[in-house]
Amino acid sequence: MQLRLPADGASIERARLAVLEHLAAYEPSPRLVFAVELILEETLTNIVRHAYRSEGGGEGSGGEAGHQIDLQVDVDAADLVLRFGDDGAAFDPARAPAPQRPATLAEAVPGGLGVMLVRRYARSVAYERVGGRNHLTVTVARA
Amino acid sequence: MQMELIELDGPVNLVRLDGRLDAPGADTLGMRFTAATVAQGRPVIVDLSGVSFIASMGIRLLISCAKGAHLKGHKFVLFGAQPFVQDVFEQAGLDQILDIAASESEALERLSA
């Protein structure tokens, strides 16, 4: 399944519904559905909010400027693979500082939680920057 | 995302949430939730049993309100998290820093602890 969506907030829900509909044929476990929803939410939100900030339109303005996100979903016996492509600022989540699990409430900082959750719910996360585009491949175990 | 505020004897605020605590959900909830859990200055228990999904923006809101309640000197206790939501809390280490009870009665007990 392949989608191309404007890089705006409304696309996140559209992507979620399209992916879930596609996935239904594979009878996913409730846990897999939750993991996929979480990964979609965090990854797409990050792209929509941050990828186009340097263009001066501010956070979340990528859609207005005509930017689009590619999403491809492939399912095999063992895994579900989500591939995200965008032409925003280079962002390698593996290089993003991983928030340490806070020991106290005071230590809990707002940033980086999305990237951390994606890593925890995915079997693997791979990033490449090719031809001015970010390519993120997130593999989720079906079992 | 829907929110219901019930005043219990004490006075204690009981906040019931229903829906998805994704980015739009957290946004919809934002100020009303903060008002009920922080600004009013009352101990508060938050019923998460109707929350089917949570992601980082929802978590941020909970953390921010927990911090706010702490600064104001009253308790903020979550309860009733569905299993996948509880799992997210544990993956993010929040079970160590937020007050999370298993049930409404346990949450109320924690207010007087």
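Two residues are in contact if their C-beta atoms, placed from the backbone, lie within 7 Å. Axes, which we also need, are lines fitted to C-alpha atoms, for helices over the stretch in contact, with angles from 0 to 180 degrees between N-to-C directions. And helices (H or I, at least four residues) and strands (E, at least two) are DSSP runs, numbered from the N terminus.

Thanks for coming, everyone. What you see is a predicted model, where local features need pLDDT of at least 70, side-chain atom pairs count only at pLDDT 80 or more, and totals for chains, interfaces and linings use all residues. Residues are numbered from 1 along each chain as its sequence is written, while chains are lettered from A and ligands numbered from 1 in the order in which they are written.

Let me begin with chain A. We have three helices and five strands here, and from the N terminus on they run β-α-α-β-β-α-β-β. How are the strands arranged? They form an open sheet with the order β1-β2-β3-β5-β4 and antiparallel pairing, where two strands pair if DSSP finds at least two bridges between them. At the edges sit β1 (2-6) and β4 (124-130) of chain A, each pairing on one side only. On average, neighbouring strands of this sheet are turned by 15° against each other, direction ignored.

Look next at β2 (residues 68-75) and β3 (residues 79-86) of chain A: they run antiparallel and are joined by seven bridges. Within that pair, L71(A) stands opposite F84(A) in β3(A).

Now for the helices on the sheet. Helix α1 (residues 10-24) of chain A lies across β1 and β2 of chain A, at about 170° to β1(A). Helix α2 (residues 30-50) of chain A lies across β2, β3 and β5 (133-141) of chain A, at about 165° to β5(A).

A residue I would like you to click on is I12(A), which is in helix α1 of chain A. Is I12(A) buried or exposed? I12(A) is buried, because 22 other C-beta atoms lie within 10 Å; the rule is 20 or more for buried, 12 or fewer for exposed and partly exposed in between, with C-beta atoms placed from the backbone. Leaving out residues up to four places away in sequence, I12(A) touches E41(A), L44(A), T45(A) and V48(A). The C-alpha atoms of I12(A) and E42(A) are separated by 9.5 Å, though these residues are 30 apart along the chain.

Zooming out, 32% of the 143 residues of chain A count as buried. Among contacts in chain A with a separation of 6 or more, 62% are between residues 24 or more positions apart. The C-alpha atoms of the chain fill a box of roughly 45 × 40 × 25 Å along the principal axes.

On to the partner. Here 17 residues of chain B are in contact with 18 residues of chain A. On the chain B side, the elements giving two or more residues are α2 (56-72) and α3 (83-91) of chain B, and the largest share, seven residues, comes from α2(B).

Finally, the core. Which residues touch the most other members of the largest nonpolar core? They are I39(A) and L78(B), in a core of 72 residues; such a core is a set of buried Ala, Val, Leu, Ile, Met, Phe, Trp, Tyr and Cys residues joined through C-beta atoms within 7 Å. The most, nine residues, is given by α2(A). Happy to take questions!
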